[in-house]
Amino acid sequence: MPPRRPADLPAAPVPVPDAPKPATGENQDAPAGSGASPACLAALMVTHGTGVRAAETVPGQDAACAVVEPVVVEALTLRTDAEPRRIAFQPPVTLSCAMATVVAQWLGTSVQPLARGHFTRELTALRVGGGHECRRRNRSSTGALSEHANGRALDIFGFVIGDGKVDGTVVVEKPDGASQQRFLAGVRQSACGAFMTSLGPGSDAAHSNHLHVDIQERRISASRFCQ
Ligand SMILES: [Zn+2]
């Protein structure tokens, strides 16, 4: 089953109590690069502002679900114009710093220009879910660990344009009218180039109400997965 669209977004990500822990030995070494230099976060904050901070590591966190340089993203500031533009994340999400960087670049080079082109308004917020979550793909009880388990994935449920009232929110599950549909088509096309994986409505039942993007390397080289 797909996750429910957060109609009234909770203040914090909802834990998944039945998500099984992967079978790994306890206290294994963290993956290479975990807890590495804060260079990525420093660069991210210089370029994309104060809405980003280092995430606290979770004590007892399963090693298989470790995030390399985890950051909490409350907002990303885009500096592609003379005037900086702050894009809020509703609610804030925990991502790997590398993923947050790719998201910021994609918003600045693709999503913001698309919002202007289709609505002559600014993108102001993303309604998101599924940042870092220690679980398997599609919340299954077996199979591969989700890209969300390592903070390399983000689920986007809506794009807030302008103040979100007059201009509205483009809901991924149900875009309202031709302009929103064209905007969303452009967003999905650009996500296909920016990320390793991009899945949305029409791909499978698990992604019927949101756009999933991630930077997980594929086993088959040079393959991007977009649906
Ligand atoms: Zn996802």
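**Figure 1. Bridge partners of A125 in the predicted model.** A125 of strand β4 is the bridge partner of A88, and in strand β5 V160 is the bridge partner of A125. Strands are DSSP runs of E with at least two residues, helices are runs of H or I with at least four residues, and both are numbered from the N terminus. This is a predicted model in which local features need pLDDT of at least 70 and side-chain atom pairs count only at pLDDT 80 or more, whereas totals for chains, interfaces and linings use all residues. Residues are numbered from 1 along each chain as its sequence is written.

**Figure 2. Strand β4 and its pairings.** Strand β4 spans residues 123–129, and six of its seven residues are buried (20 or more other C-beta atoms within 10 Å of a residue's own, with C-beta atoms placed from the backbone). Pairing requires at least two DSSP bridges between two strands. β4 pairs with β3 (residues 85–96) in the parallel sense over three bridges, and with β5 (residues 153–161) in the antiparallel sense over six bridges.

**Figure 3. The largest nonpolar core.** A nonpolar core is a set of buried Ala, Val, Leu, Ile, Met, Phe, Trp, Tyr and Cys residues joined through C-beta atoms within 7 Å. The largest has 41 residues, and V71, L107 and L154 are among those with the most contacts inside it. Helix α2 gives the most to this core, with ten residues. A second, separate core of five residues includes A66, V67, C134 and A149.

Notes
Buried ≥ 20, exposed ≤ 12 C-beta atoms within 10 Å, placed from the backbone.
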